[in-house]
Amino acid sequence: MTSPDTRRPTAPLSSALVTGPTPIVFAGCSLIAGAPECDCPARAPHLDDAAVEARARGMFVWQQKAPPAGRAAARRGIDGLLAHARGRGPSALVAELLRMSVLLRIMEEDTAHLVEIDALLRAYGELAEISGDVCWLAEVAVLRAHRAVIFDHGDAALPDTAAALAILADVADPGPGPDGLARTQRMSRTLNGLLLVLLKLGAHELADEVSQRALAVAESGSGPIDRLIHQLNRVRLQLSWALRLERGGREAAAATRFVAAAQIAHIAARLWTDARDRHLGGGLPPVEECIVVGTAYAMQHPGPQHLARLADLGRMAFLVDDRILLAIAAARCHMTAGRAHDAVRALEPLRAELSGRDGPEPLLALALHREFALVEGAARGGVPRSPGLEHYAAALEEELWALREARLLALRSHSEHHRLAREHGAVAAQALQDPLTGLPNRRALDMRLAEEVASPTSQPCAVALVDLDRFKDVNDARSHAAGDRVLRAVASCLRTALRAPDMVARYGGDEFVVVMPATALPVARAALVRAADAVAALPEDVAAGVTMSVGVVRAPLDVDPSAALAGADAAMYRAKHQGGNRVVIGTVPTGDIPAGPVERTGRLRRVMSQVHSGAPGHRTAGR
Ligand SMILES: [Zn+2]
């Protein structure tokens, strides 16, 4: 029997981690039937592997909504099944039960389980190593990162998160074929787990990349329920991102995220209706029975018309993150009706509950506390808080934002290192990475360019040369340390603004090179303009007002890479002359290249020093 409850697409982010190929079979488990304990381990000798796995999976899904005593009983049940399966020798079943045991304990967030978690994780990791399956290894890295992000400080999760990012970036999407479906499903749940970790780390930009990949994988292989779960997680991602941007004082950017959340919610609602009609033959509109969809709509256009529905949805919400989103949405709906006291009441119970516990990275909890401070102030008649306290709060938020940026850069840099290490070995990787920015260095660039133009199967790539405008002023007027900070900020911004397959390398000084595989010039130019806008929009205290001049060319196959660089350089030079902060398309010179990259830099330096010293007509302007 398939329980309609588990087939219903109500999967929260955490249970989305466990979506697997097997339909959930509840038949037989005494715990799920209502008994205080599970009898599955006692019955296991009479069950085959598939039936054992189905029973464990049933308990796994069931316990997510169970009270603590039920969760503990389910844990004992799955442990019993694992002990039995281990007696049968190593198998895919043992691996699957190990995974469930680990995940179940991590999700309980109880430090009492840490020793067991580590032992189980080690056993699971060993099986993955033996299999040599890279996607499985990525899954282990995600579990380790998940463990770290729950039980340690977020920074402790960075190395494993980066490893997972790097491995998954290299794994091709599973295609059709006999084991295609199983691989698709493993990939799908691994990407989902990674998304969850990245959200907890506040790395929304990376979470967005992972989420898009997850969706693409689901669209290529797994079923409509998988697609729905990914879309719902994308809505959660956008909402959490919007709230994070608000905390950082980035209201306009937050507004676009709220719009995106509602748009994706619309897609999810359609998938939801399809899935439900297939399994249950009808029901309420998704906005009334799907927490994520209802919340996204209310957040986009808050108003009292959403309140009754939000209250109904609140009765179904059991995940803390969902309850936070619902409470904030309800508070905003009350506020638009001018009812600040009701808004306070919508937030107060959850706020009190969250104040009692301290999760390691309370990202959404902070959003709730902020919301409470705002509505509570309004309820007291807008009495301003102490200016000292306001200033303190603003300074704290600024510091947290800087921490978030540093974390994003660290993740990019770690993951680039992992990629280089797997391609070229650990020692070589060190020699291929720029220590200041974590970006690939010039040697790594040369190797990549040589590959790109030599590969007979590839499409021509676009190559861009980026030079910062007014960077010399920063170094002169401030300090080299300030200059280094600017370089790191710009590097991080560039890396984030460009696409995952693009290589962003530090070429030297304040010059960067971007290699965009198989990219037509208009597409490359548009991406670079977005990147230049992002750099120009960096706050003055972060990037000291630097902008970038960019020259971009399309590098034909079989061309000498230095010719492509020379072409990009000449175009960049024109961008400088036109005032900087712009992207200029150039051409690749044919015939002999008089100046290689080394000489080129020398010439460039001379030109730049003229520009910076304010030679007539060469002055770089803001825009
Ligand atoms: Zn049972």
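A nonpolar core is taken here as a set of buried Ala, Val, Leu, Ile, Met, Phe, Trp, Tyr and Cys residues joined through C-beta atoms within 7 Å, where a residue is buried if 20 or more other C-beta atoms lie within 10 Å of its own, exposed if 12 or fewer, and partly exposed in between, with C-beta atoms placed from the backbone. The structure is a predicted model, in which local features need pLDDT of at least 70 and side-chain atom pairs count only at pLDDT 80 or more, while totals for chains, interfaces and linings use all residues. Residues are numbered from 1 along each chain as its sequence is written.

In the protein, 29 helices and five strands are assigned, these being DSSP runs (H or I, at least four residues, for helices; E, at least two, for strands) numbered from the N terminus. Of the 623 residues, 48% are buried. Contacts (C-beta atoms, placed from the backbone, within 7 Å) with a separation of 6 or more are made to 67% by residues 24 or more positions apart.

The largest nonpolar core comprises 124 residues, and those with the most contacts inside it are Ala261, Ala265 and Ala268. When neighbours within four places in sequence are left aside, Ala265 is in contact with Val235, Val292, Val293, Ala296 and Tyr297. A second core, separate and of 61 residues, includes Leu494, Met548, Val550 and Ala555. In soluble globular proteins, nonpolar side chains tend to be buried together.

Helix 8 (residues 114-131) has 18 residues and reaches 26 Å from its first C-alpha to its last, close to the 26 Å expected at 1.5 Å a residue, the expected span being 1.5 Å times one less than the number of residues. The buried residues of helix 8 are Ile117, Leu120, Leu121, Tyr124 and Ala128. Viewed down the helix axis, these buried residues fall within an arc of 100°, so they line one face of helix 8, the arc being that of the directions from the helix axis to the C-beta atoms. Val115, Glu129 and Ile130, on the other side of helix 8, are exposed, whereas the buried residues pack against helix 7 (92-108) and helix 9 (134-151). Gly132, which follows helix 8, has a positive phi near 70°.

In helix 10 (residues 158-170), the 13 residues should span 18 Å at 1.5 Å a residue, in agreement with the 18 Å between its end C-alpha atoms. Ten of the 13 residues of helix 10 are buried, so this helix is largely enclosed by the rest of the structure; among them are Leu158, Asp160, Thr161 and Leu168. The packing partners of the buried residues of helix 10 are helix 9, helix 11 (180-200), helix 12 (204-220) and helix 21 (387-424).

The five strands of an open sheet are arranged in the order 2-3-1-4-5 with mixed pairing, two strands being paired if DSSP finds at least two bridges between them. Strand 2 (503-508) and strand 5 (582-585) stand at the edges, each with a single partner strand, so one side of each is left without a neighbour in the sheet. On average, neighbouring strands of this sheet are turned by 20° against each other, direction ignored. Strand 1 (residues 461-469) pairs with strand 3 (residues 511-516) in the antiparallel sense over six bridges, and Glu511 in strand 3 is the bridge partner of Asp467.

Helix 26 lies across strand 1, strand 3, strand 4 (547-555) and strand 5, and runs at about 165° to strand 4; axes are lines fitted to C-alpha atoms, for helices over the stretch in contact, and angles run from 0 to 180 degrees between N-to-C directions. Helix 28 (residues 561-577) also packs on the sheet, where it touches strand 1, strand 4 and strand 5, its direction making about 145° with that of strand 4. Leu521, located in helix 26 (residues 521-536), counts as partly exposed, with 15 C-beta neighbours inside 10 Å. Not counting residues up to four places away in sequence, Leu521 touches Ala462, Val552, Arg554 and Ile585; Leu521 and Ala462 are 59 residues apart in sequence and 6.6 Å apart in space, C-alpha to C-alpha.

Positive phi values also occur in residues other than glycine, namely near 55° for Ala544 and near 50° for Asn581. Ala544 is situated in the loop between helix 27 (540-543) and strand 4 and counts as buried with 22 C-beta neighbours inside 10 Å. Asn581, in the loop between helix 28 and strand 5, is buried, with 22 other C-beta atoms within 10 Å.

Key:
Contact = placed C-beta atoms within 7 Å.
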